[in-house]
Amino acid sequence: MSEERFGEFVLVRRHEQGHVAELVLDRPKAMNAVSTQMARSIAGACAVLGEDRDVRAVVLTSTHERAFCVGADLKERNSFSDADLLRQRPVTRGAYTGVLELPVPTVAAVHGFALGGGFELALACDVIVADRTAVVGLPEVSVGVIPGGGGTQLLPRRVGAARAAELIFSARRVEAEEAGELGLVDQVVEERRDREEALALAARIAGNSPVGLRAAKRALRLGQGLDLRAGLEVEDAAWRATAFSGDRAEGVAAFNERRTPQWPGE
């Protein structure tokens, strides 16, 4: 496994087997509160991962024992003028959109607190695996703002408009069991197993065609919110991007020869 640090608070681990990378939130003294510096690092790491054709799946993890991420760094923001806050906005947006726009499947491994922007980082992933200590929520209206990392758009896509409205307007925190029941997270696993289970899922995902994975993700994301006819056109375009690829030829050959595919990735 190789490691690459992006600034002081973000680490990327590339696992030697399986084409899986970890995007690690590593600001333990602040429970991974997202400062301006940390936001820049998240965006920078995502830009590098997005260009790495050897990466087929990304797992978003945390080094803090009791928190995935507690959201925006409110201590930093307490010192901001309005002009400072306005200047920071594109930087923070870059962190959330960086995760959201990764072209490969992403899995969030959540334990402890995932609140505000922390939960929005998880929502930007395709799948959320949470352990039984997880507490999630979007409490922004309780401090006079609204979710600004995609929460008002991503949460309704997961749980529906009415449920998202109740959670955002009430600013309440939701523990793991209820979060699983409501669909706020996709899997609830035993305590301290979120990272292990997320990495195992990512490894299974990464065993599939890299061309197929990227095209399937693109179709899923672009098709959201479209009517059926338009969505099927999005799917057809993604299908055409895979149907004449080397991966498709190798996948069919491997199936017929009863062997593991050796994906060319093109």
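The model is predicted, with local features needing pLDDT of at least 70, side-chain atom pairs counting only at pLDDT 80 or more, and totals for chains, interfaces and linings using all residues. Residues are numbered from 1 along each chain as its sequence is written, and side-chain values use heavy atoms, leaving out hydrogens and water.

Let us start with the helices. Helices (H or I, at least four residues) and strands (E, at least two) are DSSP runs, numbered from the N terminus. Two packed helices are described by the angle and the distance between their axes. Helix H9 (residues 210-223) and helix H10 (residues 228-243) have axes that come within 9 Å and cross at roughly 170°. H9 is therefore roughly antiparallel to H10; angles over 145 degrees count as such, under 35 as roughly parallel, 65 to 115 as roughly perpendicular and the rest as oblique. Axes here are lines fitted to C-alpha atoms, for helices over the stretch in contact, with angles running from 0 to 180 degrees between N-to-C directions.

On the H9 side, the contact (heavy atoms within 4.5 Å) includes Val-211, Ala-215 and Leu-222, while Val-234, Ala-238 and Ala-241 are among the H10 partners. The residues of this contact divide into seven nonpolar, three polar and two charged. Nonpolar covers Ala, Val, Leu, Ile, Met, Phe, Trp, Tyr, Cys and Pro, charged covers Asp, Glu, Lys and Arg, and the others, Gly among them, are polar.

Next comes Thr-61, a residue of strand E4 (residues 57-62). Its neighbours, leaving aside residues up to four places away in sequence, include Leu-23, Phe-68, Ala-109 and Arg-195.

For accessibility, buried means under 20% relative accessible area, exposed over 50% and partly exposed in between (1.4 Å probe, protein chains only).

| Residue | Relative accessible area | Class |
|---|---|---|
| Thr-61 | 2% | buried |
| Asn-32 | 0% | buried |
| Trp-239 | 48% | partly exposed |
| Phe-244 | 65% | exposed |
| Arg-258 | 81% | exposed |

Aromatic rings of Phe, Tyr and Trp (its six-membered ring) pair if their centres lie within 6.5 Å; planes under 30 degrees apart are stacked, over 60 edge-to-face and the rest tilted. The count comes to one aromatic pair. Trp-239 and Phe-244 form it edge-to-face, at 6.2 Å centre to centre and 75° between the planes.

Finally, the backbone. Asn-32, not a glycine, has a positive phi of about 65° and sits in the loop between strand E3 (20-25) and helix H1 (36-51). Arg-258 also has a positive phi, near 55°, in the segment after helix H11 (246-257).
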